[in-house]
Amino acid sequence: METTIFNVNTLSANQALELKNWLASMPGVDDVAIDVGGSKVTVIYDPATTDRGSLRTSMASVGVLLQ
């Protein structure tokens, strides 16, 4: 497992919950934690199944702006 932390645009609590559910449903994603106040998304994933680029693309596709 690998852990990646993304800096993101400001998210509301609802957006954070939707993003967490979206990422958690991706194959290979083991855990997702979102720090709304710090604008950070932490993802633990299996690098054999997904990668940082796929996670970035997926977040961008749902409107999350990465910093």
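This is a predicted model: local features need pLDDT of at least 70, side-chain atom pairs count only at pLDDT 80 or more; totals for chains, interfaces and linings use all residues.

Reader: In what order do the strands of the open sheet lie?

Author: Helices (H or I, at least four residues) and strands (E, at least two) are DSSP runs, numbered from the N terminus, and two strands pair if DSSP finds at least two bridges between them. Here an open sheet of 3 strands has the order β1-β3-β2, with antiparallel pairing. The edge strands are β1 and β2, each of which pairs on one side only. As for angles, axes are lines fitted to C-alpha atoms, for helices over the stretch in contact, and angles run from 0 to 180 degrees between N-to-C directions; the twist averages 15 degrees from one strand to the next.

Reader: How many bridges join β1 and β3, and how many join β2 to β3?

Author: β1 and β3 pair over 6 bridges in the antiparallel sense, with I5 standing opposite T42 in β3. Strand β2 (residues 29-35) is joined to β3 by 6 bridges, also antiparallel, and there D31 has I44 as its bridge partner. The hairpin of β2 and β3 has 4 residues between the strands, and in this hairpin S39 takes a positive phi near 55 degrees.

Reader: Which residues of α1 are buried, and why do they lie on the same side?

Author: An α-helix has 3.6 residues a turn, so residues three or four places apart point the same way. Buried means under 20% relative accessible area, exposed over 50%, and partly exposed in between (1.4 Å probe, protein chains only). In α1 (residues 13-24) the buried residues are A16, L19 and L23. They share one side of α1 because they cover an arc of only 65 degrees around the axis, the arc being that of the directions from the helix axis to the C-beta atoms. The face turned away from this buried side carries the exposed residues A13, N14 and E18.

Reader: What do the buried residues of α1 pack against?

Author: With contact defined as heavy atoms within 4.5 Å, they pack against β2, β3 and α2 (52-61). α1 lies across β2 and β3, and runs at about 165 degrees to β2. α2 packs on the sheet, touching β1, β2 and β3, and its direction makes about 35 degrees with that of β1.

Reader: Is T4 buried or exposed, and where is T50 placed?

Author: T4, in strand β1 (residues 2-7), is buried, with a relative accessible area of 8%. A polar contact (a pair of N or O atoms within 3.5 Å; within protein, one must be able to donate a hydrogen and the other to accept it, and residues adjacent in sequence count only if both atoms are side-chain atoms) of 3.2 Å joins the side chains of T4 and Y45. T50 is in the loop between β3 and α2, and is buried at a relative accessible area of 7%. Leaving aside neighbours within four places in sequence, T50 is in contact with M26, P27, G28, Y45 and L55.

Definitions and conventions:
Residues are numbered from 1 along each chain as its sequence is written. Side-chain values use heavy atoms; hydrogens and water are left out.
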